[in-house]
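Please consult the sequence and the structure shown here while reading.

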Amino acid sequence: MSRSPETIELLLTRRSAKALTMVEPGPDETELQTILRIGARVPDHGKLAPWRFVVFQGEARRAFGAILGRVYAKVQPNAGDDQIEFETNRFMRAPVVVAVISRVTPGIKIPEWEQLLSAGAVCQNMLVAATALGYGAQWLTEWYAFDPEAGQALGLKDNERVAGFIYLGSESVAKDERPRPELSEIVSVWQGQAE
């Protein structure tokens, strides 16, 4: 296999964009299919595909946002009109939003933890793919990833939950680098068990 310094540089410099500052255009249909295909090329013990995608584009973003606004008003009865409007417009922040749904198959030899980790790897692959295609991307969950009524609107089954919402669009502001941990703080070399 040949080396790819460009890939290494991309991975060393990748940074999430903020959904709040994303603008059109978002990925076109071919680019979106590429992002989804790359998302699905993750380690998957047992070939279970323990994840699926729900794509929000165009007016579907506004329609789902209307559901979020209604749900938010119910769970936060003291919320002001401006807060409800913000929740209603959540999916309008980016041209494309993809819900990555983790679906665990219990009671099999593949541990549930591995199935969950695979869904997380899907989200990361999608961020890297979008960045490589020149788009901004952000992986968010926020309250609606955990709300039962929002989950019902997504069609979640009992064995499913939201791994994340991937917001995709063009960047309107430069990204700032954030502090990263020093390797010396997070890496240890196992020397064997102490006696």
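## A buried glutamine

Gln138 counts as buried, because its relative accessibility is 18% and buried means under 20% relative accessible area, with exposed over 50% and partly exposed in between (1.4 Å probe, protein chains only). This residue is placed in strand S4. Helices (H or I, at least four residues) and strands (E, at least two) are DSSP runs, numbered from the N terminus.

The model is a predicted one, in which local features need pLDDT of at least 70 and side-chain atom pairs count only at pLDDT 80 or more, while totals for chains, interfaces and linings use all residues. Residues are numbered from 1 along each chain as its sequence is written, and side-chain values use heavy atoms, with hydrogens and water left out.

## Surroundings of Gln138

A polar atom of the Gln138 side chain lies 2.7 Å from the backbone nitrogen of Ala19. With neighbours within four places in sequence left aside, Gln138 is in contact (heavy atoms within 4.5 Å) with Ala17, Lys18, Ala19, Met22, Leu127, Phe165, Ile166 and Tyr167.

Ile8, Leu11 and Leu12 make a nonpolar surface patch of about 330 Å². Patches are made of residues with over 30% relative accessible area and no salt bridge, like charges being joined within 9 Å and nonpolar side chains (Val, Leu, Ile, Met, Phe, Trp, Tyr) within 5 Å. A salt bridge is a side-chain nitrogen of Lys or Arg within 4 Å of a carboxyl oxygen of Asp or Glu.

Leu11 belongs to helix H1 (residues 5-13). Its relative accessible area is 47%, so Leu11 is partly exposed.

## The chain as a whole

The chain holds 7 helices and 5 strands, in the order α-β-α-β-α-α-β-α-β-α-β-α along the sequence. Its C-alpha trace spans about 60 × 45 × 35 Å along the principal axes.

Of the 195 residues in the chain, 36% are buried. The chain exposes about 12100 Å², of which carbon and sulfur atoms supply 54%; accessible areas come from the Shrake-Rupley method with a 1.4 Å probe, and for residues only the protein chains shown count as cover. Among contacts between residues at least 6 apart in sequence, 81% join residues at least 24 apart.

Note on methods: Polar contact = N/O pair within 3.5 Å; in protein donor to acceptor, adjacent residues only side chain to side chain.
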